[in-house]
Amino acid sequence: MEYTTLNNGIQMPKLGLGVFRVTDLAEAEEAVYQAIQLGYRLIDTAAAYGNEQAVGRAIKRSGVDRADLFITSKLWLTENSYEGAQVGLQRSLDHLGLDYLDLYLIHQPVSDYYGAWRYLSEAYRQGKIRAIGVDNFTQQKLVDLINFTDVRPAVNMIEANVFNQREADRQAMVDYDVQMEAWSPFSAGSDNVFELPVLKQIAAAHEKSTAQIILRWLMQRDIVAIPKTVHVDRLRENLAIFDFTLSDAEMQQISALNTGNGFNLPEDAQGFQAMLDMSKQFSVD
Ligand SMILES: NC(=O)c1ccc[n+]([C@@H]2O[C@H](COP(=O)([O-])OP(=O)(O)OC[C@H]3O[C@@H](n4cnc5c(N)ncnc54)[C@H](OP(=O)(O)O)[C@@H]3O)[C@@H](O)[C@H]2O)c1
């Protein structure tokens with residue numbers, strides 16, 4: 001496993017397992033347990049995923065020293081306030097059965113996320129969270145938060161994959177010393193991503209799979225990635241990306257796949273309203 005050093009000096013694994021949409025709790029527990037046995041140390045869950053308790057059971061069952069794991073969860077938008085963050089963080093800790101988190105993110109940049117950030121900054125100073133960060137923050141929102149608060153986000157998690165590469169966002173995060181973390185690194189399997197001829201050609205040259213090429217390309221851009229799978233063979237495959245290097249020409253061939261299209265938050269009022277209406281229905285209890 002390779003690690004990156006966050007802006008507060010702590011080490012974060014560059015590759016982890018994400019468990020969004022793993023709603024079968026037995027399946028979530030088993031995937032996390034198997035991942036940890038295979039050598040994964042970073043697990044990415046969220047209050048809104050409804051599987052923090054299953055993740056917590058897998059962590060306990062794994063027998064791996066807590067200090068060697070890097071556990072991330074996220075505050076849901078219905079709790080974006082000072083008081084809400086207090087409740088949300090404690091609930092996530094209770095669900096996971098942990099007394100601290102390695103990384104806790106504000107899941108969406110809506111409502112009173114400044115109030116939430118104030119509480120999370122206190123919890124960070126008290127040692128309840130080793131690093132705090134944000135999620136789905138645009139460059140403007142990230143720079144705004146950095147300028148008007150006194151704890152700089154350690155991480156900003158945004159969608160990044162071969163279709164929606166986010167190079168300008170990545171560069172802005174480098175400039176502001178914020179680690180970029182990619183969600184949906186495989187674009188959730190959409191648009192036949194694993195069958196793209198360019199990726200297949202590069203994969204054949206390295207005797208690797210197209211999934212491994214995508215993850216390696218993210219690693220070489222210094223982006224942390226948390227691919228989701230519930231299959232042991234794919235967990236193993238997604239981890240085996242630290243024994244080869246893509247050439248500059250191959251990196252550029254993959255860059256050419258960018259369309260900028262992804263699961264971006266709707267910018268128009270109606271679309272944004274629909275997203276909020278749907279999001280507010282998630283239960284985090
Ligand atoms: N913060 C946010 O707003 C946000 C939003 C979305 C996601 N996320 C995080 O990012 C994580 C990953 O994103 P995602 O779950 O949307 O999707 P993803 O990781 O881009 O893709 C997952 C899909 O790829 C398949 N897959 C995984 N490894 C494979 C392999 N080696 N070969 C072929 N297929 C493979 C999986 O199928 P199987 O499971 O059947 O193997 C699944 O269908 C989430 O779990 C979550 O932790 C965060």
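**The ligand and its pocket**

Tutor: The shell around the ligand is made of 13 nonpolar, eight polar and seven charged residues, where Ala, Val, Leu, Ile, Met, Phe, Trp, Tyr, Cys and Pro count as nonpolar, Asp, Glu, Lys and Arg as charged, and the others, Gly among them, as polar. Please keep in mind that this is a predicted model, in which local features need pLDDT of at least 70 and side-chain atom pairs count only at pLDDT 80 or more, while totals for chains, interfaces and linings use all residues. Residues are numbered from 1 along each chain as its sequence is written, and side-chain values use heavy atoms, with hydrogens and water left out.

Student: How many residues surround the ligand, and which are the closest?
Tutor: A residue counts as near if one of its heavy atoms lies within 4 Å of the molecule. Here 28 residues surround the ligand, with Asp44, Asp135, Ser184, Thr229 and Arg234 the closest, and helix 9 gives the most to this shell, with three residues.

Student: What space is taken by the ligand?
Tutor: Rolling a probe the size of a water molecule over the atoms shows where empty space is left. A pocket is an open set of points on a 1 Å grid over the protein atoms alone, where a 1.4 Å probe fits, with protein on both sides within 12 Å along at least five of seven lines, and lining residues have an atom within 4 Å of a point. The ligand takes the space of the largest pocket, which has a volume of about 970 Å³; of its 38 lining residues, Phe20, Arg21, Trp183, Ser184 and Ala188 are the closest to its centre.

Note on methods: Grid points are joined across faces, edges and corners, and a volume is the space filled by probe spheres set on the points. A molecule sits in a cavity or pocket if more than half of its atoms lie within 2 Å of its grid points. Helices (H or I, at least four residues) and strands (E, at least two) are DSSP runs, numbered from the N terminus.
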